[in-house]
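This report goes through selected side-chain features of one protein chain. The sequence and structure come first, followed by the description.

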Amino acid sequence: MAVNMSRWFICLLLIFKECRASTHWVVTEDGKIQPQLDSTFSLKRPYDLLALMEQEKRAIEVEELKQKLIIQKEEIDRREDKETNLEGKIYATDEDCVAAEKPLTDFDLYASTVVPFPPYKQFGDEFTEYAETMDLDIIFKKPNCSEIADLDFSMHAFEHLSSVRDRQNLTMTAEIGLHHAVTTVENIQLYGHLVYEFLQKNKTSWILFDMAAYYWRIHGDAAAAIECTRRALHFSPREFKDVTLINLGNILHLSHMSEEAAIVVHAAVDIAPNNAICHFTLGNIYAVLADYNKSAICFENAVKIQPDFTNAAQRYHAVMCHSKLEKALEAQHISLQRTLTELREYQKQHENWVRQSEKLISEQAPPEVKLEQRLEYEEQKIRESLDGRGQDCFQFEQNGHMVLSCNMRRETYTSAQSQVDLSLNLQLLQAVESKAGKLGQKVINAKTSEQCHRT
């Protein structure tokens with residue numbers, strides 16, 4: 001019995017020795033089982049079980065990668081920021097931007113401000129009368145406050161601020177436009193001489209020291225101006241210190257010491273909370289410091305105190321507009337950076353998919369072998385059929401010859417489409433990189449400008 005079984009086993013081996021897998025059978029959508037012409041599993045080594053198993057893993061991985069890429073691309077397309085002129089759109093549609101009439105960057109945030117002296121303490125008429133009796137051919141003196149009155153230290157002069165202590169190192173822009181805001185004397189040198197002459201008669205007048213500070217502000221001498229405000233603060237009564245504090249705040253602000261200028265002007269607001277000029281000056285300082293919330297509050301307070309203060313109202317709207325624009329640009333930049341990261345990850349996954357697809361193809365049998373296998377299969381089907389038809393071929397007689405006609409539906413795996421997709425993705429990647437770079441540079445320039453204001 002054992003001998004007979006051995007003979008049958010040997011016969012079976014001899015029969016199937018030349019057999020090989022020539023087709024890949026699949027179940028169609030309508031439930032039919034039919035061979036697939038260009039199968040992923042038509043391998044170079046159809047006898048290699050391990051190669052078949054590896055090919056199966058590879059085919060599953062390629063399909064999973066493909067589905068993942070499709071989902072990822074749809075998500076990128078859905079989230080892609082199509083807005084190309086965000087800045088222009090906000091300026092044209094936002095109510096604060098429209099009310100401001102121009103961007104915050106077009107406003108002079110270093111505008112000179114002064115708080116008027118009490119009417120009964122002004123020297124206008126006295127200056128005019130004295131000037132009429134003067135010999136205008138003399139050499140005009142300058143109101144050098146350090147020479148007029150010694151003041152090594154004062155508790156009232158904000159000596160704890162580094163800008164006040166190191167005043168000799170400050171540089172400021174000359175406030176030419178301040179001239180006609182503080183005096184009716186046309187010749188500024190004559191104005192300085194008049195202040196000097198009056199200080200010789202009254203060396204403790206805080207008003208004259210403030211007027212001397214105006215003279216030095218017009219000439220852009222921060223150190224000399226601070227010397228005068230120190231003495232004005234030392235001699236002035238508390239209820240009038242806001243005049244001098246706004247004077248000093250302007251000097252520090254124009255010397256690009258805006259953070260310390262804010263401290264001084266806050267003191268002025270504490271003394272005169274109902275003075276619109278104090279709030280307006282502080283609003284300009286905070287706008288330069290890019291603290292838009294505080295700046296808006298200051299301009300809003302100025303308008304509440306003085307409803308016809310158009311300049312403050314415009315700046316309030318400009319600050320609100322700029323704040324919204326900055327947030328929108330930063331949000332767009334973050335969105336573009338996220339999209340850029342996703343595109344790079346997509347590109348990496350796509351390249352992996354292309355490599356795996358190429359490996360999947362390289363393990364398959366050559367096309368001519370597949371075609372030969374397919375024809376052999378069709379010939380076998382035709383021989384078995386009654387009508388001369390196979391799966392995709394049929395045999396008929398023409399001009400005395402037997403002709404085999406086949407409709408071969410090849411569904412080849414090719415990387416051509418993947419290369420097209422990759423090219424498109426590279427173009428999108430380059431476009432997003434360029435857009436993100438420009439927007440990032442705009443944000444950096446804005447922040448650099450703010451830092452320059454502070455230094």
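Which residues form one aromatic cluster? The cluster consists of Phe 117, Trp 206, Tyr 214 and Phe 240.

## Basis of the description

The model is predicted: local features need pLDDT of at least 70, side-chain atom pairs count only at pLDDT 80 or more, and totals for chains, interfaces and linings use all residues. Residues are numbered from 1 along each chain as its sequence is written, and side-chain values use heavy atoms, with hydrogens and water left out.

## Aromatic pairs and charges over rings

Over the whole structure, the search gives 10 aromatic pairs. Rings of Phe, Tyr and Trp (its six-membered ring) are paired if their centres lie within 6.5 Å; planes under 30 degrees apart are stacked, over 60 edge-to-face, and the rest tilted. Phe 117 and Tyr 214 make a tilted pair, 6.1 Å centre to centre with 45° between the planes. Because Phe 117 is in the loop between helix 4 (95–100) and helix 5 (124–132) while Tyr 214 is in helix 10, this pair ties together parts 97 residues apart in sequence. Helices (H or I, at least four residues) and strands (E, at least two) are DSSP runs numbered from the N terminus. Phe 117 and Tyr 214 are both buried; buried means under 20% relative accessible area, exposed over 50%, and partly exposed in between (1.4 Å probe, protein chains only).

Lys 102 lies over the face of Phe 107, 4.6 Å from the ring centre. The charged end of Lys 201 is over the ring of Phe 198, 5.3 Å from its centre.

## Salt bridges

A salt bridge is a side-chain nitrogen of Lys or Arg within 4 Å of a carboxyl oxygen of Asp or Glu. The count by this rule is 12. In one of them, Glu 175 pairs with Arg 217, with the closest N and O atoms 2.7 Å apart. This pair links distant parts of the chain, 42 residues apart: Glu 175 is in the loop between helix 7 (162–165) and helix 8 (179–182), and Arg 217 is in helix 10 (residues 206–219). Glu 175 and Arg 217 are both buried. Shared partners join Glu 159, Arg 167, Glu 227, Arg 230 and Arg 231 into one salt-bridge network.

Glu 363 bridges to Arg 45, with the closest N and O atoms 3.9 Å apart. The two are 318 residues apart, with Glu 363 in the loop between helix 16 (310–362) and helix 17 (367–384) and Arg 45 in the loop between strand 2 (33–36) and helix 2. Glu 363 is buried at 18% relative accessible area, whereas Arg 45 is partly exposed at 32%.

## A buried asparagine

Asn 250 belongs to helix 12 (residues 241–254). Its relative accessibility is 2%, so Asn 250 counts as buried. Leaving out residues up to four places away in sequence, Asn 250 touches Ala 111, Ser 112, Thr 113, Glu 175, Arg 217 and Thr 281; contact means heavy atoms within 4.5 Å. Glu 175 and Arg 217 are the salt-bridge partners described above.

## Helix 2

Within helix 2, Glu 54 and Lys 57 are three residues apart, which means that about one helical turn separates them. They form a salt bridge with the closest N and O atoms 3.9 Å apart. Glu 54 is partly exposed at 40% relative accessibility, and Lys 57 is exposed at 53%.

Technical notes: Lys NZ or Arg CZ within 6 Å of the ring centre and 35° of its normal.
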